[in-house]
Amino acid sequence: MRLVVDRIKCDGHGQCAELLPELIRLDDWGYPIVAQAEIPDHLVPLARRAVSGCPLLALALQRRAG
Amino acid sequence: VTQLLAGRDLALGAEALAEHVRRLGPLPVAGPSFIEVLERSGLKGRGGAAYPAGIKWRSVAAQSNGAAVVIVNGAEGEPRSFKDRLLMTTRPHLILDGAFLAAKAVRAKQVVLYIGEDHRAAQDSMARALAERTNEERKLVRTAAAPARYVAGASSAAVHLVDAGIATPTTTPPSAHQRGVDGAPTLVQNVETLAQVALIARTGSPTGTHLVTVAGGVLRPGVLEIQSQTTIAEAVELAGGPSESPEAVLLGGYFGTWIRAANAWGLPVDDDALRARGLSLGCGVIGVLPGSRCVVCEVAGIMRYLASESSAQCGPCFFGLRALADACTRIAERDTDHLDLQRLQRWSAEVSGRGACHHPDGAVMFLQSALTTFPDEFAGHRAHMRRSA
């Protein structure tokens with residue numbers, strides 16, 4: 001699984017980077033830069049927490065196609 | 001072998017239906033099987049992305065169930081490009097032929113003429129041409145005005161405008177050909193591509209020509225139809241030759257590539273050959289930058305334009321392109337703290353790929369091409385004449 005951001009919904013609240021700094025950092029304007037790699041198993045619960053913590057529902061977990 | 005702009009003198013305006021039919025014969029009857037002909041022809045889209053038309057048509061046809069939509073893309077929001085407008089004002093029936101062939105092939109229930117709101121002559125020409133077509137054809141068609149914005153020509157923006165009156169891109173996937181107007185699979189195709197389709201239906205193959213706009217430092221800027229073996233030097237000669245000693249060429253519009261004049265002159269104006277060199281003809285603009293112009297100022301001006309044309313939906317594009325444009329401007333105005341070049345690199349890497357559409361990616365590729373082609377100019381930015389960009 002990996003994290004995807006709906007760029008139109010995202011308003012740069014920055015919660016995700018606080019909850020999951022292992023995979024998400026913020027750019028100079030406060031918008032998330034998300035690691036593109038497969039999420040390591042031990043971080044999946046934290047990733048789920050970051051997804052549910054987004055106030056705009058802009059962050060999602062996606063199964064890799066194929 | 002015929003050409004797109006063959007026939008009457010272009011200065012005489014639009015070709016009427018009777019003359020069009022006399023010259024090329026009636027529109028051949030075609031259905032879904034025409035997609036095979038299109039695939040064999042190898043036709044690629046002429047809007048900028050050069051996506052194979054056959055693949056798109058097949059995808060839309062497969063999901064159509066008689067409900068698909070065809071959008072005829074004449075938005076032409078690229079500032080230096082005029083080729084789509086010229087085609088709409090002079091050969092409207094080629095475009096309509098292509099559109100109705102597409103509608104038959106993908107079993108569409110509607111055709112939308114999506115034409116730039118400022119392109120009045122093109123709108124009039126297409127409307128007059130439509131009035132000459134059969135009742136059955138006319139019933140299929142509606143028109144929609146594309147706002148005069150850079151992003152309005154993007155497929156998802158065209159769909160959004162037709163659906164909701166707002167020409168901003170939407171998140172993809174789904175792309176227009178998966179889920180477009182009213183949720184129906186939608187074929188968005190540039191007007192030059194559709195004109196090629198009209199000729200492919202009659203001859204089986206594309207013309208082997210491209211419409212290009214030669215802009216900037218040439219004596220007779222304008223639209224040319226050129227054979228693919230033509231070099232950039234020959235295209236520039238056909239446009240009257242350079243108005244003064246040329247410095248560089250911006251190939252493919254504002255999402256295009258900078259090439260030093262000496263390296264550009266021998267290149268063929270052929271998308272396949274260019275792609276083999278990591279270049280692209282894009283929307284067909286060949287912009288010639290004269291030696292008296294400052295390249296850094298020019299790049300900064302275009303970056304400011306691209307930043308202002310962000311649809312302001314995605315933070316990294318809206319804020320990132322503005323920051324990149326500001327840093328370019330500081331370098332151009334020699335008001336830089338020497339970290340700006342590093343910022344340009346870091347922000348470029350961070351902004352790229354982080355928009356719903358490809359606007360930030362295109363702007364970053366343009367900037368990276370400038371930084372790669374003109375490293376000394378950006379590093380030193382010495383001895384330049386200030387001109388308005």
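Among contacts in chain A between residues at least 6 apart in sequence, what percentage join residues at least 24 apart? The share is 60%, where contact means heavy atoms within 4.5 Å.

This is a predicted model, in which local features need pLDDT of at least 70 and side-chain atom pairs count only at pLDDT 80 or more, while totals for chains, interfaces and linings use all residues. Residues are numbered from 1 along each chain as its sequence is written, chains are lettered from A and ligands numbered from 1 in the order in which they are written, and side-chain values use heavy atoms, with hydrogens and water left out.

**View 1. Secondary structure of chain A.** Two helices and four strands make up the secondary structure of chain A, and from the N terminus they follow the order β-α-β-β-α-β. Helices (H or I, at least four residues) and strands (E, at least two) are DSSP runs, numbered from the N terminus.

**View 2. Dimensions and burial of chain A.** The C-alpha trace of chain A spans about 30 × 20 × 20 Å along its principal axes. Of the 66 residues in chain A, 42% are buried, a term that means under 20% relative accessible area, as against over 50% for exposed and in between for partly exposed (1.4 Å probe, protein chains only).

**View 3. Surroundings of Thr373(B).** Thr373(B) lies in helix H16 of chain B, which covers residues 359-373, and is buried, with a relative accessible area of 16%. Leaving aside neighbours within four places in sequence, Thr373(B) is in contact with Trp258(B), Ile259(B) and Arg260(B).
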